[in-house]
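Hi,

Here is the structure I promised to pass on.

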Amino acid sequence: MDLDVFVTAHRPEWDRLDILLRRGRHLTGAEADELVALYQRTATHLSLIQSSAPDPMLIARLTQLVARARSVVTGTRRASWRDAAHFLTAGFPAAVYRARHWWVPTALLSVLVAAIIGWWIGAHPEVQSAIAAPEDLRQMTRPGGEYETYYSSHPAASFAAQVWTNNAQAAAMCLVLGAFLCFPVIWILFLNMLNLGVGIGLMSSAGRLDTFLGLVLPHGLLELTAVFVAAGTGLRLGWTLIDPGPYTRRTALAQQGRAAVGMAIGLALILFVSGLIEGFVTPSGLPTWARIAIGIFFELAFLAYVYVLGGRAARAGDTGDVESADQSAQLPTAA
């Protein structure tokens, strides 16, 4: 496309749109119709220039012009409590449900990796000695040792807040860094599974695996599920750069990125619940079976939330993306 010829041909339309926008509400019916038509044409011009002959100055001008026209044509929409309710009951669970083909295999493979690491460490004393000195290992794994006192080393409220912050940051990193071709997400996930595997291996070698699982499972089921959802979504985001499907990479990445931002907010709420369990239930004096039962209850509640509410919303067409009225206009693409 010859950019100079294109600009010369369409500049009068852009100038006319600018004039109509400056007049604000003082438009006749015919002028309002003209403004809508010019807005649609200018949005198409912007898409053509972005894809065929990107010029930063011209793109900036047309983007501003299209944004102004859009606010006039569609009106300004403010977020409401109804939007928040829709997000919690449909948008977020639908996004998690639609991403299940990514995070479920991620969860299964990650748990397998943690189990293999735990078996390897537990079955090989030389590996244990490479981790720490024998006296230090005994200090960590003995009754009342570091693995047990970790969960009661701080006041419950502050410990829950700290755990929530750390886990929310890890989930956000998985979501954001997924755009870097998946590799950072895989590394973060591996570090988490390595940490879990070391605990399994050391405590099993001391004959106290049941104690370790009794401390980890109450909060770990929900916490790890949230991390797996974040990692799976991050991996899907990274794969979008490799295979954007029928869309341009920019469009596909924008769609997945908007859904990922919503996922980050929703997962922060899920991790908040997990942090409360870790701060108040895990170090409590409840019997082990009761603490694990609480963890299983919240895990099953989350899965029901995703597969029942989320599945229903996804089948109704909800993708977890923002409303179509709030998305930028896109040119159709060939399949």
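Predicted model: local features only at pLDDT ≥ 70, side-chain atom pairs only at ≥ 80, totals over all residues.

Overall, the chain has 13 helices and 0 strands. Of its 335 residues, 39% count as buried. If you look at contacts between residues at least 6 apart in sequence, 78% of them join residues at least 24 apart. The chain exposes about 18,300 Å², and carbon and sulfur atoms supply 65% of that.

Now the inside. The largest nonpolar core has 51 residues, and V96, Y147, L202, F212, M263 and L267 are the ones with the most contacts inside it. Elements giving two or more residues to this core include α4 (81-98), α5 (100-123), α9 (156-177), α10 (183-205) and α13 (288-315). The top contributor is α11, with 11 residues. There is also a second, separate core of 18 residues, with F6, L38, L65 and A69 among them.

M263 is a handy place to start clicking around. Neighbours within four places in sequence aside, M263 is in contact with F92, A95, V96, A99, L175, V229 and T233. T233 itself sits in helix α11 (residues 209-242). Is T233 buried or exposed? Its relative accessibility is 3%, so T233 counts as buried, given that the cut-off for buried is under 20%. Not counting residues up to four places away in sequence, T233 touches A99, L175, A260 and M263.

Another threonine to check is T106, in helix α5. T106 has a relative accessible area of 9% and is therefore buried. Its contacts, again leaving aside neighbours within four places in sequence, are L189, F228, A231, G232 and L235.

On the outside, W164, F272, L276 and F280 form a nonpolar patch on the surface, with about 360 Å² of accessible area together. Helix α12 (residues 249-281) gives the most to the patch, with 3 residues.

Last one: where is G24? G24 is in the loop between α1 (3-22) and α2 (29-52). Its relative accessible area is 35%, so G24 is partly exposed. The C-alpha atoms of G24 and V72 are separated by 8.1 Å, although the two residues are 48 apart along the chain.

That's what I have so far.

Cheers

Conventions: Residues numbered from 1 in each chain as written. Heavy atoms only, no water. Helix = DSSP H or I, 4+ residues; strand = E, 2+ residues; numbered from the N terminus. Buried < 20%, exposed > 50% of the residue type's maximum accessible area, 1.4 Å probe, protein only. Contact = heavy atoms within 4.5 Å. Patch = residues over 30% accessible without salt bridge, like charges linked within 9 Å, V, L, I, M, F, W, Y side chains within 5 Å. Areas by Shrake-Rupley, 256 points an atom, 1.4 Å probe, with all protein chains shown as cover. Salt bridge = Lys/Arg side-chain N within 4 Å of Asp/Glu carboxyl O. Core = buried A, V, L, I, M, F, W, Y, C linked by side-chain atoms within 4.5 Å.
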